[in-house]
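Let's take a walk through this structure together.

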Amino acid sequence: MKLRRDSAFRPDLRVRADFPLLVNNPDLHYLDSAATSQKPKVVLDALRDFYETANANPHRGAYSLSVRATEYYHLARVRIAQFLGVRDSDCLIFTRGTTEGVNLVAGSWGEANVLRGDEIVVTAMDHHANFVPWQILAMKKGAKFRICELTPDGRIDLGHFSGLLNDRTKIVAFNHVSNALGTINPIAEIIRLVREKTDAITVCDGAQSAPHFPVSFDSLGVDFYAFSGHKMLGPMGIGGLIGKREMLEEMPPYQTGGDMIEFVYDDRTTWNVLPHKFEAGTPNAANAVGLAAAVEYLDRIGMDRVLSHERALMSAAQKRLAAIEGLRIYGPPASERSGVVSFTMTDVHPHDLATILDGEGVCIRAGHHCAQPLMRRLDVPATARASFYVYNDESDIDALVSGIMKAREIFGYVPA
Ligand code: PLP
């Protein structure tokens, strides 16, 4: 079967050769970067370099190797803060990722400030990582847990959102970009409504924004922003929580132990300064260094270029997919979403589709995407999701479309 090409599609980014896993698997079409990204060689080299030239426990030793490890770790924080538009790099707390960042705010600020009768607002498109910690906190504290509904095309219903806000609202949590729909949320408008109607804090899940377009925490206007390194070309097990200094200063520690203390007496303990107050125990210094190499790599490409590359792929993919009979796409138009497309097919379960695509060397995600409340609202148990990043090109879309057509043949699709 001859595949139709989109003649307007001209992505200029050709970086596949920088990614060893993709080079080692030339027939692989990796379309699951919303789950985790592949790693460029510069990141693997940075990890190796740390262990070969600087490995010691940061902040602990009086010897020069430990000082070197401490410097590497510190410079990584400064570099990543710069990438995410944070002038005060001590306000970037290293975590294992977005999940830990959100749990830190819930376990620290939430535990200390939320009272019976208060209200916490989330959205129906939030990932479980930015939903369950708030649900649990609300249950524990006797607070009301309120869920903002979505428009039929998968955006936050701002009318409903505004109606949920009142003087009892203590926390408003939302994602910057939906991992299941790709919707880019209007943060400025969300913040405006929250400020107008409440004194609530805002917690933004940036897991799917930091990797895909320029983000400046200092101009975003949110109080907290959490992100995951592994989704932005960095290693697994490292990410961050950025917060406003005055809030981080006031918050109690989230975990206790080594490094986060100032003085420990028999009957009390005082806390270290930021960022150490929130980084108990030996830090993941090597992975922080790896993530710094990843953001340097992204900076060399340019985040505007990353965005336009994904947009070009997205609009080409969306056009091709929309032309397939029996295929339904969820979420807003390509121009208003990041590089994620979620869809279902008549008569082919997403898991079967993913299995058939796997046989063709195409990796997509099938399931609820850790967004079960959203799936319930879409009235589906699961969707198939293809997601794009810097190393994808039109051949990945060709392989995706051709695999879908094969699945249709196997399952004997009969038009209704
Ligand atoms: N939030 C969103 C929107 C995500 O896509 C993810 C991961 O898929 C997370 C949170 C959780 O990220 P992590 O597992 O890296 O903590």
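A polar contact here is a pair of N or O atoms within 3.5 Å; inside the protein, one must be able to donate a hydrogen and the other to accept it, and residues adjacent in sequence count only if both atoms are side-chain atoms. You're looking at a predicted model, where local features need pLDDT of at least 70, side-chain atom pairs count only at pLDDT 80 or more, and totals for chains, interfaces and linings use all residues. Residues are numbered from 1 along each chain as its sequence is written, and side-chain values use heavy atoms, with hydrogens and water left out.

So which side chain has an N or O atom 2.5 Å from a nitrogen atom of the ligand? That's D205. S228 reaches an oxygen atom of the ligand at 2.7 Å with a side-chain N or O atom, and a polar side-chain atom of H127 is 3.4 Å from a ligand oxygen. On its own the ligand has 400 Å² of accessible area (Shrake-Rupley method, 1.4 Å probe), and the protein covers 86% of that.

The residues around the ligand (a heavy atom within 4 Å of it) include G97, T98, N179 and Q208.

The ligand's space is also the largest pocket. A pocket is found on a 1 Å grid over the protein atoms alone: it's an open set of points where a 1.4 Å probe fits, with protein on both sides within 12 Å along at least five of seven lines, and lining residues have an atom within 4 Å of a point. A molecule sits in one if more than half of its atoms lie within 2 Å of its grid points.

Finally, look at the backbone. Most peptide bonds are trans. The one from L274 to P275, though, is cis, with omega near 0°. D347, which isn't glycine, has a positive phi near 70°.
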